[in-house]
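Me: Please take a close look at one part of this model: the packing of its helices, along with any pocket they line. Keep it brisk.

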Amino acid sequence: MNKFFKGLLLLILAAFAGECIEFLINMVLARQLGEHGLGLYMSILPTIFLIVLLASFEMPVSISKFIAEKDRKYHYSMLNHVIRMTVIFSLILIPLASAILPFITVFDDYHPLLRWMAIILIPIISFSSIARGYFMGNEQMGKIASANFLRKFIQLSLLVLLFHLFRFETETAVFIAICTFVGSEIAIFAYFIHLFVIQYQRMKKLPFEPMSGMSVWKNLMGVSIPTTGLRIFHALTHAIQPFLIKAALLKSGISTDIATEHFGMVAGVAMTIGMFPAFIAHSFMVMLIPTVSRAYAEEKLNYLRRLLQQVFFITFLYGVPSVTIFYFFAEPLTSTFFHSTAASIYVQLLWPFFLLHFFIFPMQAFLIGLGLMKDAFYHAVWSTLISFVGMYVFGSMESLQMHGVILGINMGAILLMFMHYMTICKKIGVTWFLTKQTSFS
């Protein structure tokens, strides 16, 4: 348990510094792109993240789970198979993306070179994922923390430098903003590969047990396919969400430009402020996947019960004060950091979404570690369906408009949190009050 919390503390400290930089990144984007440009940037970002997700194929999760559960003697053979698989996967995905992306209309409103920036990301993310998964599984969290911090620091540096030296029109400015994201990923790719090659050379000198390619494939795909399905579903719904929200607002009587501005205020300002403490929840996710996987493989259910209680206790300690501060100081926060007092009401209305997601992120890691990836996927489908219906129905009402959209967002978070919680409690044998049951399944 001490090792877990030491690794967690390291991740939290690095993530806090990175989150501060992310906050600065969004401030720079808000000021340089304007409300309309920020809306365009936030609208295309989910599509870019979808491409990143497809390139990674959730290898960090599946590899880290494999490394945590299997004996060290199998690691070298597994990594050899994974590297070969990744080369083949990249050789298939790059030409496929090159053929498909020109026909995706989402990119039509953006700089023509933006599609090629997305294609460049594919091999970079694919090979970085191998190293990231290996370091996660071995709980070398210093490397993960450093990479997360450096990626954001490099992106901020590039943004400040380019926007300080040059002035761009809105379309070009949005393209430059995406280029800085790609540039930061290239730098992290170099960092990870350098460290991974050093570790790989050391493993070659140690005794190892060979594994068949089919065995490795089954182990990894048993995790990657359902978790990738979950992430693809999230990415697709996040890519659709901006257009669903705009459609609802247009139906309610708002013009296209104003609808884009309102979405920009929610996604670029309110979400940035409200999800700021989520770096702690994400740190929990990184630590929990290998930790829960190893504990469940060794049938340490008492450990898992205590761990869930401690995770919830820590989440409550930082989550409740955070949303309280955001609620009562929403106007000075949005005014000071984003020069947009209009977004303060959205920060206040979204407090249930923020608080519940601080609990949802570590619970999702528990589900993955417990082998309940399919359950996590079904939960996401149902909660998103309810959320989307609520966003469109309430958002299209002239009396509610953006307030109705936020009502739908909060509805989805409530449903997702309860489904995750009930499933985990049943699996590890605790009641809804986190006390031990007489039997478990």
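Reply: This is a predicted model. Start with the lining of the largest pocket. By class, 15 of its residues are nonpolar, one is polar and none is charged. The lining has 16 residues in total. Nearest the centre of the pocket lie Leu50, Ile51, Leu54, Leu101 and Ile104. The space inside comes to about 300 Å³. Which helices supply at least two residues each to this lining? They are helix 1 (2-56), helix 3 (75-100) and helix 7 (213-251).

Helix 3 leads on to helix 2. The axes of helix 2 and helix 3 come within 11 Å. They cross at roughly 165°. Helix 2 is therefore roughly antiparallel to helix 3, as angles over 145 degrees count as such. Their crossing is right-handed. On the helix 2 side, the residues in contact are Ile63, Phe66 and Ile67. Helix 3 meets them with His75, Met78 and Val82. By class, this contact has five nonpolar residues, one polar residue and no charged ones.

Helix 2 (residues 59-69) also packs on helix 9 (residues 278-297). Here the angle is about 40°, and the axes lie 8 Å apart. The two helices are therefore oblique to each other. Helix 2 and helix 9 make a right-handed crossing. From helix 2, the contact takes in Val61, Ser64, Lys65, Ala68 and Glu69. From helix 9 come Ile289, Pro290, Ser293, Arg294 and Ala297. By class, five residues of this contact are nonpolar, two are polar and three are charged. Lys65 and Glu69 of helix 2 are among the contact residues, and Lys and Glu count as charged. Arg294 of helix 9 is in the contact too, and Arg also counts as charged.

One more pair is worth a look. Helix 8 (residues 256-274) packs against helix 11 (residues 330-338). Their angle is about 115°, with the axes 11 Å apart. Helix 8 passes helix 11 in a right-handed crossing. Helix 8 brings Gly268, Val269, Thr272 and Ile273 to the contact. Helix 11 brings Leu333, Thr334 and Phe338. By class, four residues of this contact are nonpolar, three are polar and none is charged.

The contact of helix 2 with helix 3 has none either, nor does that of helix 8 with helix 11. The contact of helix 2 with helix 9 has three.

How values were computed:
Residues are numbered from 1 along each chain as its sequence is written. This is a predicted model: local features need pLDDT of at least 70, side-chain atom pairs count only at pLDDT 80 or more; totals for chains, interfaces and linings use all residues. Side-chain values use heavy atoms; hydrogens and water are left out. On a 1 Å grid over the protein atoms alone, a cavity is a set of points where a 1.4 Å probe fits but cannot get out, and a pocket is an open set with protein on both sides within 12 Å along at least five of seven lines; lining residues have an atom within 4 Å of a point. Grid points are joined across faces, edges and corners, and a volume is the space filled by probe spheres set on the points. Helices (H or I, at least four residues) and strands (E, at least two) are DSSP runs, numbered from the N terminus. Axes are lines fitted to C-alpha atoms, for helices over the stretch in contact, and angles run from 0 to 180 degrees between N-to-C directions. Angles under 35 degrees count as roughly parallel, over 145 as roughly antiparallel, 65 to 115 as roughly perpendicular and the rest as oblique. A crossing is left-handed if the near helix is turned anticlockwise from the far one by less than a right angle, and right-handed if clockwise. Contact means heavy atoms within 4.5 Å.
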